[in-house]
Amino acid sequence: MTRIPDMTSDCANCAALCCIALAFDEGEDFAMDKPAGLPCPNLDSELGCQHYGHLEAEGFRGCVLYECHGAGQRVTQEVFGGQTWRENPAITGPMIEAFSTMRRIHDGIELLTVSERLDLPDSYEAEREALLALYAPEADWTEESLAAFAQSDAPRRLAAFLPRLREFV
Ligand code: SF4
């Protein structure tokens, strides 16, 4: 059994994970440098963005373009029970790690669900479904299951599988 999660970002239910986890470089899309793992100085006390609604005008077009495909709120709510790294700094590293793995999982789910539309031979379809079962299990993700997923052969299997679909596109 698989469970396809909500793949649309819901910032109201996320602990601003993209605003702490990701690095950006000053340039066309970002008005300043920010290293990975440090909170953006534009975050307000409620983990909202001080530039919300006028990010492009402030030089943060990259933030407008970024889409986590639902990974952020899922890590915050499903894996960490609605906690935030600001309330509980001890979970900062684990949340960032979980967000990194969940982003890869949600990207994988997107690719595997889109490829359902292809006219695949049975053996390919079996592998697509087997991979989807690994990427979109029925059970909730936990820190432990995300860490186990990251160490498993699922990402390698997906990376090997996707290029083989080109002939059916
Ligand atoms: S500028 Fe706003 S949206 Fe962009 S990373 Fe900083 S706090 Fe987040």
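**Reading the predicted model**

Q: Which residues in α3 are buried?
A: This is a predicted model, and in it a residue is called buried if 20 or more other C-beta atoms lie within 10 Å of its own. Helix α3 spans residues 71–79 and is mostly covered, with seven of its nine residues buried. Going along the helix, the buried residues are A71, G72, Q73, R74, V75, T76 and V79.

Q: Which residue follows α3 with a positive phi?
A: After the end of α3 comes a residue whose backbone angle phi is positive, near 60°. That residue is G81.

Q: Is the crossing of α4 and α5 left-handed or right-handed?
A: The axes of the two helices cross at roughly 150°, but an angle by itself leaves the handedness to be stated separately. The way α4 passes α5 is left-handed.

Q: How many residues of the contact of α4 with α5 are charged?
A: On the side of α4 the contact involves I105, G108, I109 and L112, and these meet R128, L131, L132 and Y135 in α5. An α-helix has 3.6 residues a turn, so residues three or four places apart point the same way. Sorted by kind, the contact residues comprise six nonpolar and one polar, and the number that are charged is one.

Q: What share of the 169 residues in the chain is buried?
A: The chain as a whole has seven helices and zero strands, and its C-alpha atoms fill a box of roughly 50 × 35 × 25 Å along the principal axes. Of its 169 residues, the buried ones make up 23%.

Q: How many residues of the shell around the ligand are charged?
A: The ligand is surrounded by C19, C40, N42, L43, C49, H51, F60 and C63. Six residues of this shell are nonpolar and two are polar, while the number of charged residues is given as no charged.

Terms used
Residues are numbered from 1 along each chain as its sequence is written. This is a predicted model: local features need pLDDT of at least 70, side-chain atom pairs count only at pLDDT 80 or more; totals for chains, interfaces and linings use all residues. A residue is near a molecule or strand if its C-beta atom, placed from the backbone, lies within 6 Å of it. Ala, Val, Leu, Ile, Met, Phe, Trp, Tyr, Cys and Pro count as nonpolar, Asp, Glu, Lys and Arg as charged, and the others, Gly among them, as polar. Axes are lines fitted to C-alpha atoms, for helices over the stretch in contact, and angles run from 0 to 180 degrees between N-to-C directions. Helices (H or I, at least four residues) and strands (E, at least two) are DSSP runs, numbered from the N terminus. A crossing is left-handed if the near helix is turned anticlockwise from the far one by less than a right angle, and right-handed if clockwise. Two residues are in contact if their C-beta atoms, placed from the backbone, lie within 7 Å. A residue is buried if 20 or more other C-beta atoms lie within 10 Å of its own, exposed if 12 or fewer, and partly exposed in between; C-beta atoms are placed from the backbone.
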